[in-house]
Amino acid sequence: MRLDKYLKVSRIIKRRPVAKEVADKGRIKVNGVLAKSSTDLKLNDEVEVRFGNKLLTVRVLEMKDSTKKEDAEKMYEIISEKRVEANEET
């Protein structure tokens with residue numbers, strides 16, 4: 001599944017165009033490598049998303065097209081969630 005679609009379906013990012021924009025700005029890494037919105041995700045991939053001063057790292061557990069909130073929460077496991085300085089590189 002494409003990275004931007006996964007972020008939207010899992011509700012990590014609410015809208016797909018926003019997920020695409022965040023990826024295109026170099027704020028998402030998959031398994032430690034900068035990722036584009038078209039990057040294919042696989043099970044157990046680690047996705048690191050930077051939201052301003054927040055760094056969220058999750059592990060992909062499931063991939064499905066369901067958009068129910070209960071199902072979305074089961075699609076990933078939060079590995080870490082921390083605050084970082086605005087100018088700090090990851």
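Reply: Happy to. Two strands count as paired if DSSP finds at least two bridges between them. In this predicted model, β1 and β2 pair in the antiparallel sense over two bridges. Within that pairing, lysine 29 stands opposite leucine 34 in β2.

Now to the charged pairs. Side chains of opposite charge can pair when their charged atoms come close. A search of the whole structure finds eight salt bridges. One of them joins arginine 59 to glutamate 46, with the closest N and O atoms 3.1 Å apart. This pair links distant parts of the chain, since arginine 59 belongs to strand β4 and glutamate 46 to strand β3, 13 residues apart. Arginine 59 is partly exposed at 24% relative accessibility, and glutamate 46 is partly exposed too, with a relative accessible area of 33%.

The side chains of aspartate 24 and lysine 20 meet in a salt bridge at 2.8 Å, N to O. Both residues lie in α2, four residues apart, about one turn of the helix. Aspartate 24 has 46% relative accessibility, so it counts as partly exposed; lysine 20, at 37%, is also partly exposed.

Glutamate 21 and lysine 25 form a further salt bridge through their side chains, at 3.4 Å, N to O. Here the two partners fall in separate classes, because exposed means over 50% relative accessible area: glutamate 21 is partly exposed at 45%, whereas lysine 25 is exposed at 54%. There is also a network of salt bridges that links Arg2, Asp4 and Arg16.

For the surroundings, turn to the nonpolar side of the model. The largest nonpolar core has 20 residues, and those with the most contacts inside it are Leu3, Leu7, Ile12, Ile28 and Val47. The elements giving two or more residues to this core are α1 (3-9), α2 (16-24), β1 (28-30), β3 (46-51) and β4 (54-60). Its largest share, four residues, comes from α1. Leucine 7 touches Ile12, Ile13, Ala19, Ile28 and Val49, leaving aside residues up to four places away in sequence.

Key
Residues are numbered from 1 along each chain as its sequence is written. This is a predicted model: local features need pLDDT of at least 70, side-chain atom pairs count only at pLDDT 80 or more; totals for chains, interfaces and linings use all residues. Side-chain values use heavy atoms; hydrogens and water are left out. A nonpolar core is a set of buried Ala, Val, Leu, Ile, Met, Phe, Trp, Tyr and Cys residues joined through side-chain atoms within 4.5 Å. Buried means under 20% relative accessible area, exposed over 50%, partly exposed in between (1.4 Å probe, protein chains only). Contact means heavy atoms within 4.5 Å. A salt bridge is a side-chain nitrogen of Lys or Arg within 4 Å of a carboxyl oxygen of Asp or Glu.
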